[in-house]
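Please keep the sequence and the model side by side while reading. The paragraphs below go through the structure one region at a time.

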Amino acid sequence: MSLIGLSYSHKRVPIAFRERLFFDADSIANACARFRCGEAKPSSIIEMAILSTCNRTEIFAFSGNEGINQPEHEAFEGLYAFVEQAREVNRSDLQQYGEWKTGPDVVSHLSRVACGLESLVLGEPQILGQVGDAMRLGLVMNSTGPVLTKLFQTAIRAGRKARAETEIGQNSLNISTVAVNTAERELGSLVGKTVVVLGAGEMADLALVQLHKKGVTKIKVVNRTIAKATELSARHNGKAFVYEQLNDLLPQADLLITSTGAPHTLVTREMIEFAMQVRPNRPMMILDIAVPRDVEMSVEEIANVQRCDIDDLQMTTGESVRLRQQQIPHVESIIQSEVDQFMKWFRGIGIETTIARLRKKADRTRKNELRRLASLLPEQDPATWEAIERFAESLV
């Protein structure tokens, strides 16, 4: 029995490939359904779960094979084939960027992810909820079982302890915060600037909180549905619009922040070129913090337009970052304790499974020998035969 994990994170995988690997909730559900029904289930994989965010796609699996320690093993190749088919990507790219984890390293890695130690923004809180969502979706789709459920519960417990017992998540630091700070660093004071926010999810909400702290009052929230745009803009004294009105709003935008969950481009070069013709001498900054990206990369070739995606963001320095960095050893000790507890449980599962297999094999031997004995001693009375059967059971 083995735990295995296939990791693609922002630390070693460019955004262009991460967005090809990205699974939204529907994609995860479809992949888990195919796994559960056996249509694309890798050989020897018993359980599987998928965690996919703007910074990472991780595939976790529990294999029934013994001694998995080489990438060429059947289970590793099976997971490669599964991802290759699910996301329509080349095997060579998967092998180039993928990072394998096995055994306790899987537990440690997922726990580090849940604690925010592997995030672009150290200690960011959103990832803990995303880990929980991945576990729940795996359970709903019946692709995870007791082992991966225990794995995710261990990671979530580590994340909660880290936030309760350390200051790793203090001072409201997240991707949206870094994005707004980046805009202020590039544009100067944001007071008086017009900001268009495309999307009405959590990242947009967090960005609007930071924009208010920077003194921004001209806010326009754009979304596919007016109801969500209205709800978000009302909380932040902005105005709500639908996507069809975006072309009319872009010429007014000093800053465009996009964070939708759309699987395709929403802002084209043609749209930005039109906007800049109306305002040729006013610069525009675009912060595309969505994965997959919302904005065509070529817009950065337009004069006076600056485009940044999530990989272009740089962690700001300061007291809040230094404080979080100081908490890392404490968080790592919490993680190690959780890893030790999980592995103790996991080894127990292995022992129980081995014992069960031995008992099953011994019982098969008992039945075979009794049948053989019955053919040699066909005329034994029932009482004698019952004594023989009890003896055979006692011997097992």
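In this predicted model, Leu255 stands opposite Met285 in S9, and the two strands concerned, S8 (residues 255-258) and S9 (residues 284-288), pair in the parallel sense over four bridges. Here two strands pair if DSSP finds at least two bridges between them, while helices (H or I, at least four residues) and strands (E, at least two) are DSSP runs, numbered from the N terminus. Helix H8 (residues 175-187) packs on the sheet and touches S8, S9 and S10, its direction making about 160° with that of S9. Helix H12 (residues 269-278) also packs on the sheet, where H12 touches S9 and S10 with a direction about 155° from that of S9. For such angles, axes are lines fitted to C-alpha atoms, for helices over the stretch in contact, and the values run from 0 to 180 degrees between N-to-C directions; contact means heavy atoms within 4.5 Å.

Some conventions apply throughout: residues are numbered from 1 along each chain as its sequence is written, and side-chain values use heavy atoms, with hydrogens and water left out. As the model is a predicted one, local features need pLDDT of at least 70 and side-chain atom pairs count only at pLDDT 80 or more, whereas totals for chains, interfaces and linings use all residues.

The sheet that holds S8 and S9 is an open one of six strands with parallel pairing, in the order S7-S6-S5-S8-S9-S10. Its edge strands are S7 (239-242) and S10 (305-309), each of which pairs on one side only, and the twist averages 20° from one strand to the next. Within this sheet, Asn223 belongs to strand S6 (residues 218-223). Asn223 counts as buried, at 13% relative accessibility, where buried means under 20% relative accessible area, exposed over 50%, and partly exposed in between (1.4 Å probe, protein chains only). Leaving aside residues up to four places away in sequence, the contacts of Asn223 include Gly199, Ala200, Lys228 and Phe241.

Most residues other than glycine have a negative phi, and most peptide bonds are trans. A cis peptide bond, with omega about 0°, joins Val291 and Pro292, and Pro292 is found in the loop between S9 and S10. Asn304 is placed in the loop between S9 and S10 as well; Asn304 has a positive phi of about 70° although it is not a glycine, and is partly exposed, with a relative accessible area of 40%. Asn237, in the loop between helix H10 (226-235) and S7, has a phi near 55°, again a positive value in a residue other than glycine, and at 62% relative accessibility Asn237 counts as exposed.

A second sheet, open and of four strands, has antiparallel pairing and the order S2-S3-S1-S4. S2 and S4 (99-102) stand at the edges with a single partner strand each, so one side of each is left without a neighbour in the sheet. The twist here averages 15° from one strand to the next. Strand S1 (residues 2-9) pairs with S4 in the antiparallel sense over four bridges, and Leu6 stands opposite Trp100 in S4. Helix H3 (residues 74-87) packs on this sheet, touching S1, S2, S3 and S4, and its direction makes about 40° with that of S1.

The largest nonpolar core has 34 residues, of which Leu3, Phe60, Leu110, Val131, Leu151, Phe152 and Phe346 touch the most other members. Such a core is a set of buried Ala, Val, Leu, Ile, Met, Phe, Trp, Tyr and Cys residues joined through side-chain atoms within 4.5 Å. Among the elements that each supply at least two residues of this core are S2 (45-52), S3 (56-63), H5 (104-115) and H7 (146-165), and H7 gives the most, with eight residues. Leu110 touches, among others, Leu51, Phe60 and Val131. Leu110, Val113 and Ala114 in H5 meet Ile127, Leu128 and Val131 in H6, and the axes of H5 and H6 come within 7 Å and cross at roughly 130°. H5 and H6 are therefore oblique to each other, since angles under 35 degrees count as roughly parallel, over 145 as roughly antiparallel, 65 to 115 as roughly perpendicular and the rest as oblique.

Lastly, the cysteines: with a disulfide taken as a pair of cysteine sulfur atoms within 2.5 Å, the count comes to zero. The sulfur of Cys54 is 15 Å from the closest cysteine sulfur, in Cys308, which is too far for a bond. Cys115 is in no disulfide, its nearest cysteine sulfur, that of Cys54, being 18 Å away. Cys54 is buried at a relative accessible area of 15%, and Cys115 is buried at 0%.
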